[in-house]
Structure formats: structure tokens, C-alpha cells
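Got the model loaded and a selection tool at hand? Let's walk through it stop by stop.

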Amino acid sequence: YMERLAHIERKTKETDIVMKLFLDSSQPSSIDSGIGFFNHMLTLFTAHGRMSLQLQAKGDLDVDDHHTIEDTGICLGKAFQKALGDKIGIARFGQATVPMDEACSSVIIDISGRGYFVYRGKKLQGLIQSYSEELTLEFFKAFARNANITLHIQQLYGDNRHHIHESIFKAAGVALYRAYTVGDSTGIPSTKGVL
């Protein structure tokens with residue numbers, strides 16, 4: 001059984017990111033992005049995705065959280081794609097609908113080899129503490145493109161902004177786990193023979 005893991009480093013004038021990602025892992029993550037709410041969301045995403053993430057991100061937070069969050073999405077996408085390896089035997093498709101109190105979100109994933117992101121639902125604009133809500137979409141867009149997965153998020157309903165984001169990140173984690181998990185199949189789940 002091959003351990004699926006990846007180590008990614010990315011340094012730009014705006015951010016400096018070091019991460020290790022372990023798939024199929026129940027080890028707790030250690031996440032420091034400098035952004036409290038984002039740390040909380042990534043912790044939920046990785047825990048429900050049965051991934052262990054070691055993340056150290058330093059960014060120009062005096063400017064905006066945008067660069068740090070988008071670049072974390074880029075790195076996590078690249079790490080996920082790398083950790084997946086040859087994709088032999090993976091389920092490929094995964095979906096989950098997850099409630100968080102009054103809020104509920106649905107996420108559908110295809111590990112397709114094509115990076116594509118769709119969001120439908122309540123407009124995410126406004127602030128949770130100092131966290132800009134639209135950054136959740138920037139994160140998932142960057143993640144989907146760099147992981148080469150098709151990711152559809154539907155935010156079904158909800159009132160509490162924190163709960164809305166929490167239901168999105170949890171559903172994304174569960175759907176991702178269901179898609180990357182290895183079943184009984186020994187082949188590539190595609191009629192093309194390649195993903």
C-alpha cells in the first residue's frame with residue numbers, strides 16, 4: 001500500500017508557503033495561515049476529507065488576506081494532485097450534502113483531470129470578523145484548477161454566515177474523500193483510460 005503524500009513550497013513577493021499533505025490520514029492537521037477563520041475552515045476541510053495538512057503560510061496580510069488564501073488554494077491543489085499519484089482504483093466521483101445547524105451545502109466532485117469550478121447559491125459577500133466571505137470562493141477556485149478536479153458547490157440555504165461557510169468546507173472535505181478513496185477497482189475510472 002503506497003502512502004499518498006506531497007510536499008509543496010511556494011515563495012513569491014506576496015507569500016511564502018510550505019505544506020505537507022497526507023491523504024487517508026487521521027493525524028490532526030497543523031495549520032497556520034495567519035488568518036484565524038481560514039485556519040478553522042481548513043481544519044474542518046482536511047479533517048472531514050481524512051487528510052492531514054501541515055501548513056505554514058506567511059503572507060502580506062497588511063495588504064489583504066486575498067494573496068495568502070488564493071496561494072494556499074494553489075499549493076493545496078498542487079499537493080492534492082501530486083499525492084493522488086497514478087489515480088488507479090480511485091472512486092473518481094464524490095458528493096456530499098452537509099448541514100451545519102440551519103445552513104446546508106452540497107458539493108459534487110469529479111477527479112477529472114480538468115480544473116473547473118462552479119458555485120451556485122447565496123452570494124458570499126461581507127465579513128466574518130476580518131475575513132472577506134468571497135475568499136472562500138477564491139480558495140476553492142484555485143484549489144480546483146490546480147488539483148485538476150471539477151468542483152461544484154451549491155450553497156442551499158442558511159442564515160448564519162459562519163455556519164454557511166462551515167457547511168461548505170465540511171461538504172467539500174467529505175465529497176473529496178469519497179472521490180479520492182481507493183475501492184476494489186484496479187483500473188483508471190475513465191473510458192479514455194487516463195485521467
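Before the first click, a word on exposure: buried means under 20% relative accessible area, exposed means over 50%, and partly exposed is in between, with a 1.4 Å probe and protein chains only. You're looking at a predicted model, where local features need pLDDT of at least 70, side-chain atom pairs count only at pLDDT 80 or more, and totals for chains, interfaces and linings use all residues. Residues are numbered from 1 along each chain as its sequence is written, and side-chain values use heavy atoms, with hydrogens and water left out.

**Stop 1**

Select Asp 16, which is partly exposed at a relative accessible area of 26%. Side chains of opposite charge can pair when their charged atoms come close.

**Stop 2: Arg 4 and Asp 24**

Next, pick Arg 4 and Asp 24, another salt bridge, whose closest N and O atoms are 2.9 Å apart. This pair ties together distant parts of the chain, 20 residues apart: Arg 4 sits in the segment before strand 1 (5-11), and Asp 24 in the loop between strand 2 (15-22) and strand 3 (30-32). Strands (E, at least two residues) and helices (H or I, at least four) are DSSP runs, numbered from the N terminus. Is Arg 4 buried or exposed? Buried, with a relative accessible area of 9%, whereas Asp 24 is partly exposed at 32%.

**Stop 3: inside helix 3**

Jump to Glu 138 and Lys 141, both in helix 3 and three residues apart, about one turn of the helix. They form a salt bridge too, at 3.7 Å between the closest N and O atoms. Lys 141 is partly exposed, at 27% relative accessibility.

**Stop 4: helix 3 against helix 4**

Show residues 135-147 (helix 3) and 161-180 (helix 4): their axes come within 11 Å and cross at roughly 15°. Axes are lines fitted to C-alpha atoms, for helices over the stretch in contact, with angles from 0 to 180 degrees between N-to-C directions. The two helices are therefore roughly parallel to each other (angles under 35 degrees count as such). For the contact (heavy atoms within 4.5 Å), select Thr 136, Phe 139, Phe 140 and Phe 143 of helix 3, then His 165, Ile 168, Phe 169, Ala 172 and Leu 176 of helix 4.

Conventions. Angles under 35 degrees count as roughly parallel, over 145 as roughly antiparallel, 65 to 115 as roughly perpendicular and the rest as oblique. A salt bridge is a side-chain nitrogen of Lys or Arg within 4 Å of a carboxyl oxygen of Asp or Glu.
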